[in-house]
Amino acid sequence: MWAFELTMLAFMIGLAIVMPAIPARAQTTWTIEMTDYQFTPKSQSINAGDHVVWHNGGAAAHTATSNTSAWTNVVLSPGQTSSPITLTVGGVYDYYCQYHVSFDMWGSITVSGTIPEFSGELVVVIGLMAMMLGLMVLRTRRSPR
Ligand SMILES: [Cu+2]
């Protein structure tokens with residue numbers, strides 16, 4: 001009578017595959033302050049998957065406009081905070097304020113690492129398939145004869 005043991009083994013293997021694929025590290029939200037007329041900090045380093053928001057603490061409206069359209073343009077009135085953006089690919093992302101380029105109002109975000117979206121999902125799918133196989137074996141073996 002090895003059915004139960006085999007089922008549990010398949011289930012545990014599936015679980016072992018899935019667990020490490022779930023991100024263990026909490027994602028940090030970084031706030032970049034806009035004032036008249038600069039970003040603080042001017043250079044922000046983050047890890048891939050972290051979130052960034054801008055807060056306009058100045059008296060004028062400002063934008064956080066990506067040089068490469070890496071995110072939807074952020075336009076903030078005084079006192080406003082942007083929706084979070086998430087950067088998952090490593091690299092340097094330069095941005096500027098559309099209204100105050102002439103005031104040298106620009107900044108950059110350096111992203112360390114890259115989140116392997118596809119491989120992560122593939123691993124989860126394989127793990128879930130192993131778990132389902134285990135459950136199917138269990139159902140088949142336990143059905144009344
Ligand atoms: Cu500005």
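**Exercise 1. In which loop does Ser-82 lie, and is Ser-82 buried or exposed?**

Work on the predicted model shown above.

Step 1. Ser-82 lies in the loop between β6 and β7.

Step 2. Count the surroundings. Ser-82 has 20 other C-beta atoms within 10 Å. A residue is buried if 20 or more lie within that distance. Ser-82 is therefore buried.

Step 3. List the contacts. Leaving out residues up to four places away in sequence, Ser-82 touches Val-53, Trp-54, Ala-64, Val-74 and Leu-76.

Step 4. Check a distance. Ser-82 and Val-52 are 30 residues apart along the chain. Their C-alpha atoms are separated by 8.8 Å.

**Exercise 2. Find Thr-68 and decide: buried or exposed?**

Step 1. Thr-68 is found in the loop between β5 and β6.

Step 2. Thr-68 has 9 other C-beta atoms within 10 Å. A residue is exposed if the count is 12 or fewer. Thr-68 is therefore exposed.

**Exercise 3. Describe the secondary structure of the protein and its pattern along the sequence**.

Step 1. Count the elements. The protein has two helices and nine strands.

Step 2. Read along the sequence. The pattern is α-β-β-β-β-β-β-β-β-β-α.

Step 3. Turn to the contacts. Take those between residues at least 6 apart in sequence: 60% of them join residues at least 24 apart.

Step 4. Of the 145 residues in the protein, 18% are buried.

**Exercise 4. Trace the open sheet of five strands. What is its strand order?**

Step 1. The order is β3-β9-β8-β5-β6, and the pairing is mixed.

Step 2. Find the edges. They are β3 (43-47) and β6, each pairing on one side only.

Step 3. Note the twist. From one strand to the next it averages 20°.

- β8 and β9 run antiparallel, joined by six bridges. Asp-94 has Ser-108 in β9 as its bridge partner.
- β5 and β8 pair over two bridges, in the antiparallel sense. Ser-66 stands opposite Tyr-95 in β8.
- β5 (residues 62-66) and β6 run antiparallel, with three bridges between them. His-62 stands opposite Leu-76 in β6.

**Exercise 5. Which residues of the largest nonpolar core touch the most other members?**

Step 1. Set the size. The largest nonpolar core has 15 residues.

Step 2. Ile-46, Trp-54, Leu-87, Tyr-93, Ile-109 and Val-111 touch the most other members.

Step 3. Ask which strands contribute. β4 (51-56), β6 (74-76), β8 (91-96) and β9 (106-112) each supply at least two residues of this core.

Step 4. Follow one member, Ile-46. Not counting residues up to four places away in sequence, Ile-46 touches Thr-28, Trp-30, Val-52, Leu-87, Ile-109 and Val-111.

Conventions
Residues are numbered from 1 along each chain as its sequence is written. This is a predicted model: local features need pLDDT of at least 70, side-chain atom pairs count only at pLDDT 80 or more; totals for chains, interfaces and linings use all residues. A nonpolar core is a set of buried Ala, Val, Leu, Ile, Met, Phe, Trp, Tyr and Cys residues joined through C-beta atoms within 7 Å. Helices (H or I, at least four residues) and strands (E, at least two) are DSSP runs, numbered from the N terminus. Two residues are in contact if their C-beta atoms, placed from the backbone, lie within 7 Å. Two strands pair if DSSP finds at least two bridges between them. Axes are lines fitted to C-alpha atoms, for helices over the stretch in contact, and angles run from 0 to 180 degrees between N-to-C directions.
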